[in-house]
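Trainee: Could we go through this model together? I would like to begin with the terms and then turn to particular residues.

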Amino acid sequence: MSHRNNTMALFRNDNPERQGLGTQMRAMHYSGDNRYSIDTDDSSSAGEVVELDLELLARRRKSKWKSFTDCLSSDWRDFIFRKCDGFWRKCRKQIEYHPRTVPIGKLPIHHQSASLPNEYPPNVIRNQKYSVLSFIPMVLFEQFKFFLNLYFLVMACSQFVPEIRIGYLYTYWGPLGFVLSVTMLRELLDDVRRYKRDKEVNSQSYKKLTSSGETFVPSSDIHVGDLIIVEKNQRVPADIVFLRTSEKSGACFIRTDQLDGETDWKLKLAVEPTQRLTADSELYSMSAQVYAEQPQMDIHNFVGTFTQMDETEEKLSLNLDNVIWANSIIASGTALGVVIYTGYETRSVMNTSKPACKTGLVDLEINFLTKILFLAVIVLALVMMFIKGFEGPWYRYLMRFILLFSYIIPISLRVNLDMGKAAYSLMIMRDKDIEGTVVRSTTIPEDLGRIEYLLSDKTGTLTQNEMVFKKLHLGTVSYTAETMDEVGKHLKTSFSSDTIPQHVSQQRIRRTAVTRVHEAVKAIALCHNVTPVYEVEGDPTSMTYQASSPDEVALVKWTEAVGLALVHRDLTSMTLRSPVNGLPIKYEILQTFPFTSETKRMGIIVKDDSGGITFYMKGADVVMNAIVQYNDWLEEETDNMAREGLRTLVVAKKSLTEDQYRDFEARHNQAKLSTDDRSRKIGAVVESLERDLELLCLTGVEDKLQENVRPTLELLRNAGIKIWMLTGDKLETAICIGKSSKLVSKTQQLFVFKQVFTRTEVHAELNAFRKRNDAALVIRGDSLEICLSFYEHEFVELACHSPTVIVCRCSPTQKADIVHLIKRHTKRRICTIGDGGNDVSMIQAADTGVGIVGKEGKQASLAADFSINQFSYVGKLLIVHGRNSYKRSAALSQFVMHRGLIITTMQAVFSSIFYLASIELFPGFLMIGYATIYTMFPVFSLVLDKDVTSTVALTYPELYKELTKGRSLSLKTFFIWVLISIYQGGVIMYGALLLFDEDFIHVMAITFTSLILTELLMVALTIRTWHWLMVVAELVSLGAYIASLIILRKYFDPEFIKTFNFIWKVVIITGISCIPLYVVKFLQRKFSPATHSKLSGD
């Protein structure tokens, strides 16, 4: 009893100074709670948070300086409160965007104000997450919103209360401070890197044209209304209207891969009145202004006007072709433009959003287990109190017991998991078999091992997005790769014959095979947006084609191969090379109508040397069927080509008279000048031309499959992953690619969901599909939308039971909606994979998004969690790295929990035996060493462990099915580790009491040594495949502990440790705690081996 009294005396401290400290800390804790409740109110808007903060500050200031304000006169008080109120309202004010009119040259009277630059935001790029003032509060908030860290914060803060303090403050604040320091250092380094990148961009120098000449200014000093000159290969610093260029054609190419991810060059057109000027300085001699719509996110549209007011007012419409967005790169010539948007009003900044923070399934499971452990702490503390009795200051003893058992939730759990995730990411990026893979989200590598649904794009993902012209159909005859030489012969015949004039469309002559080929090839060679670019002027060998679509380039390359080559193009003309004598054939470009996803077609109006005007158009069959004249072959041949996996385009033309074109031009120009609903008005005018077009031909272009697509899909299917293909292509093409890629096997039945419009039709189709359980489902996007509006649950249930689902004619928004649909109904982990900008929404919506660096650009790759170079890499990414990451994190997390459980069990036994004393079993310094230097390296070495080799995992993908069940980290495995911890903790403590009843003064050294040896042996028992670093970690930790026995004389008696009794009895306790587990593991491997053990021959 005297021992107990002496021990408890250690925790009595009636020092007034320390009591004052505890009171002070409780007050600080109260204030912190108020701040925390404000910051974590997710339901409030940003403005409401500011309002709450200001109200809180106002109350504090009012309380603190009440005596001072009483001394002020009422006038001064009113003045101060008015200023504060104005500042408050300014803080709460939301950003409002307005259209603007920007003057150029000689400013009109109403533009003489010099305040124009100050009305708009500064042109400063700021990607930093924190400021100097917000860094610490925001980082702390992000950390303590997790239950694990918040739990340790509460435990650490409780140590400032003298009555419940256990040991030294550093035993709680040391580990917590280390975790927070590592996190803060990482965030600080990341933010410093962002600051340096921002500073570098903001300080880039640009030429600014002024009335007195050219001067250089940094990017941050550029304002709305400035005239900026951007050189070739230089980044555009702000959104500008393109006024002049050094290119004679009045146009220049830009690269937008940093804006929209597309790698193809885009052609931009200078405003015609300013391009006609002989020198840049003449801009200051004209009176003009640019009207620009209010800033918005849409980078594919722009509405504006250019008005010149020198003698007579001239007004021109401005569209997307006349503006260059910030972060674009000038690819040819120089560009001079007037700045219309700066800073956060630029399109690039408005489209920049913080990606959603994805939380892995393992993290959610561990968070749930830590809550169970917390409940166990409370229950265990209450049990001890029931035994002790609720007498005296029982609440103080209860809190002390909770603190003693708090080691059951080790703070090192979060650190080990985060370091493990970083290690997995590094291993993935260093894998030479999937070279070029980039891990952009290091928080979810374990989810790669839990995927049950894979949703894939088609074009550029399953296919290479390398277009090869394969087929030309003229209605009466079809030409394939084997007969393309006949096309060349017919073309030469048509251009060499005097009987067929160049503008054959204007004459009534008999339609022979030669004339049909002539018209079709000429239409394909003229109807496009392709521009030939020469690296070396005049050198035809250095020519490359630039266009916004690889389909366009494939078609123009084919016309060149058969003899009719495109050699020059500018804003107003196009030149072809004759297949006979190589002479140029010139055409004047009167109008162009670019392709859009809404119209699904593009057109051009050209005028030949003889004055004939022709309107050419090409597009998807679904829209062209209603535009071309009646025929009896187009629909059938389109379906035939789609079954062959070809992408089809319908080409047609219409001859126009001079009067017809002039009438169209007048109406078109009037529509372009409209600033209200311009797109609809222009579309209505163009549609007036799109009637009764003469059908010329149908083209078929093949998109080759990616390398090793077939074996990869088979591998994933055998792994139990259900694969859905989401594509915007037509139904027949989607089915063909599905079959050619083996997504749908040859023996597998297809159920093509008919086009439906009513609830009755949907119900009938669902019933028909229900009877075809094993059939692959093919459905159109519009039918899917109608289906979900009536029978969402029934459809998802049937679709998820289908082996494969193909959704065609699917929009980007629908792709993301399908991801949300599966997640909502199945609660399973979903992986999406795509390569284009239209796949970004789908990639970001999924649990795991994979982007392919493809020909459509890097937008999908940059938005994804994992970036790969080809589709086949996803096989090893999921089957091998997903498996290893999940298995390793499961073992690591449970072992770290075991490390806390065993020490808590020992503490509980110690307290229950020694009169329910709420005192520590081991000093705080040893507890820190136990969680760090003595066991950290061996435990963390589990990130190198693996149950099967990569070869076995890829050879037997069926092993992946076990991972999706989550058996490696479950309640069953958790409670097994709990039982092991209770057994080992009890053996160590009771063994020490039985063997050392006369030498209890050395119980700490005996039990702690047995504990360390048990942990090292348990790591060895857990390891399935040894790595040399694991052996090093074990030896280093053992050596560190042996050195501690010698050095730390304060905690260990060196004379006692040298005795034989200490050594053999420690060995006995350690053996009893570990040998039974080794025996159980041996028997399990012998009589009930795991599936992977049988396959790997263990």
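Mentor: Helices (H or I, at least four residues) and strands (E, at least two) are DSSP runs, numbered from the N terminus. This is a predicted model, in which local features need pLDDT of at least 70, side-chain atom pairs count only at pLDDT 80 or more, and totals for chains, interfaces and linings use all residues. Residues are numbered from 1 along each chain as its sequence is written, and side-chain values use heavy atoms, with hydrogens and water left out.

Trainee: Where is Arg-601 placed?

Mentor: Arg-601 lies in strand S23, which covers residues 601-607.

Trainee: Is Arg-601 buried or exposed?

Mentor: Arg-601 counts as buried because its relative accessibility is 13%. Buried means under 20% relative accessible area, exposed over 50%, and partly exposed in between (1.4 Å probe, protein chains only).

Trainee: Which residues does Arg-601 touch?

Mentor: Leaving aside residues up to four places away in sequence, Arg-601 touches several residues, including Phe-595, Met-617, Ile-627, Glu-687 and Glu-690. Contact means heavy atoms within 4.5 Å.

Trainee: Changing topic, how do the axes of H15 and H16 cross?

Mentor: The axes of helix H15 (residues 513-526) and helix H16 (residues 550-562) come within 8 Å and cross at roughly 135 degrees. Axes are lines fitted to C-alpha atoms, for helices over the stretch in contact, and angles run from 0 to 180 degrees between N-to-C directions. H15 is therefore oblique to H16; angles under 35 degrees count as roughly parallel, over 145 as roughly antiparallel, 65 to 115 as roughly perpendicular and the rest as oblique.

Trainee: And which residues of H15 and H16 make the contact?

Mentor: H15 contributes Val-521, Ile-524 and Ala-525, while H16 contributes Leu-555, Trp-558, Thr-559 and Val-562.

Trainee: What about Asp-692: where is it found?

Mentor: Asp-692 is in the loop between helix H20 (678-687) and strand S26 (694-705). The phi of Asp-692 is near 55 degrees, a positive value in a residue other than glycine. Asp-692 is exposed, because its relative accessible area is 56%.

Trainee: What is the phi of Asn-327?

Mentor: Phi is near 80 degrees at Asn-327, again positive in a residue other than glycine. Asn-327 sits in the loop between strand S11 (323-324) and strand S12 (329-330).

Trainee: Finally, how many helices and strands are in the protein?

Mentor: The protein has 38 helices and 33 strands, and buried residues make up 51% of its 1098 residues.
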